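Here are some exercises to work through with the model open in your viewer. Try each task before you read its solution.

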Amino acid sequence: MKKLLTLVLTILSFTAYSQELKFEKPNYNKIEKEIEKKSSSYYYEKLKEKFNSSDSTMTLEEKRHLYYGFSFQKEYSSSYHNKANDSLMNILNKEDYSIDDFKKIIEFGNQILSENPFDLRVLNYQLYAYEKMQEKDNYIKKLTQFTIIVDAILSSGDGTSKENAIYVINVSHEYDILNIIGFEFGGSQSLIAGQYDYLKVKENKFKIDGLYFDISPSIKNIENMFKD
């Protein structure tokens with residue numbers, strides 16, 4: 001990509017987010033049961049409606065059930081490739097963008113998000129486009145959705161050990177989260193114990209060598225595909 005689009009939302013300090021959040025691993029069995037009950041406040045259709053309407057009043061538990069609960073939806077996949085991805089990349093590879101380009105970034109982004117609603121990179125590109133078009137209301141709505149996803153992920157752990165792994169439902173989210181909390185990928189990725197990804201990070205002021213991510217939904221999805 002000729003023009004670097006950095007993530008709009010950044011966490012200013014790794015230590016700050018580590019200290020302010022009370023981490024809790026997602027209980028996937030419990031989440032699966034809750035999101036299937038129509039009487040539950042975590043019923044998935046209710047949560048999806050709140051997310052689609054950019055509801056900024058969603059509680060952290062609602063955000064967690066929304067994000068981790070998506071791994072139990074029929075639309076979920078460990079990997080996505082919508083034909084709109086290629087069209088979007090063609091625009092992003094341009095040296096300069098026009099207003100029409102920004103509109104197409106929104107359009108192609110929406111096509112991708114219709115299948116993969118938690119694609120942080122696409123949401124980020126749309127944030128960039130809305131900002132450049134000075135569409136404040138749409139920018140705030142998109143930023144709310146972006147924040148809902150990030151809040152859910154960062155509530156799961158600080159990534160400093162397997163026991164405190166950051167839980168993600170898509171491998172791409174590992175690299176997005178690295179950027180969001182201010183780290184740079186160090187070029188090495190290792191799968192540990194069949195469910196953890198360990199990403200080396202470049203030298204940083206926190207003296208952290210790498211972060212652990214639990215990717216069990218992705219692993220399970222891949223295994224099921226091979227079974228089928």
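Two strands count as paired if DSSP finds at least two bridges between them, and helices (H or I, at least four residues) and strands (E, at least two) are DSSP runs numbered from the N terminus. The model is predicted, so local features need pLDDT of at least 70 and side-chain atom pairs count only at pLDDT 80 or more, while totals for chains, interfaces and linings use all residues. Residues are numbered from 1 along each chain as its sequence is written, and side-chain values use heavy atoms, with hydrogens and water left out.

**Exercise 1. Find how strand 2 and strand 3 are joined, and what sits in the turn.**

Step 1. Strand 2 and strand 3 run antiparallel and share five bridges.

**Exercise 2. Describe which face of helix 3 is buried and what covers its buried residues.**

Step 1. Take buried as under 20% relative accessible area, exposed as over 50% and partly exposed as in between (1.4 Å probe, protein chains only). Helix 3 then has Tyr44, Leu47 and Phe51 as its buried residues.

Step 2. Viewed down the helix 3 axis, these buried residues fall within an arc of 65 degrees, so they line one face. The arc is taken from the directions from the helix axis to the C-beta atoms.

Step 3. An α-helix has 3.6 residues a turn, so residues three or four places apart point the same way.

Step 4. On the face turned away from the buried side, helix 3 carries the exposed residues Glu49 and Asn52. The cover over the buried residues includes helix 2 (28-36), helix 4 and helix 8 (136-154).

**Exercise 3. Determine how helix 4 packs against helix 3 and helix 8.**

Step 1. Axes are lines fitted to C-alpha atoms, for helices over the stretch in contact, and angles run from 0 to 180 degrees between N-to-C directions.

Step 2. Helix 3 (residues 44-52) and helix 4 (residues 60-69) pack at about 105 degrees, with their axes 10 Å apart. That makes the two roughly perpendicular (angles of 65 to 115 degrees; under 35 is roughly parallel, over 145 roughly antiparallel and the rest oblique).

Step 3. With contact meaning heavy atoms within 4.5 Å, helix 3 contributes Tyr44, Leu47, Lys48, Lys50 and Phe51, and helix 4 contributes Glu62, His65, Leu66 and Gly69.

Step 4. Helix 4 and helix 8 pack at an angle of about 90 degrees, with axes 8 Å apart, and are therefore also roughly perpendicular to each other. Here Leu60, Lys63, Arg64, Leu66, Tyr67 and Tyr68 of helix 4 meet Ile148, Ile149, Asp151, Ala152 and Ile153 of helix 8.
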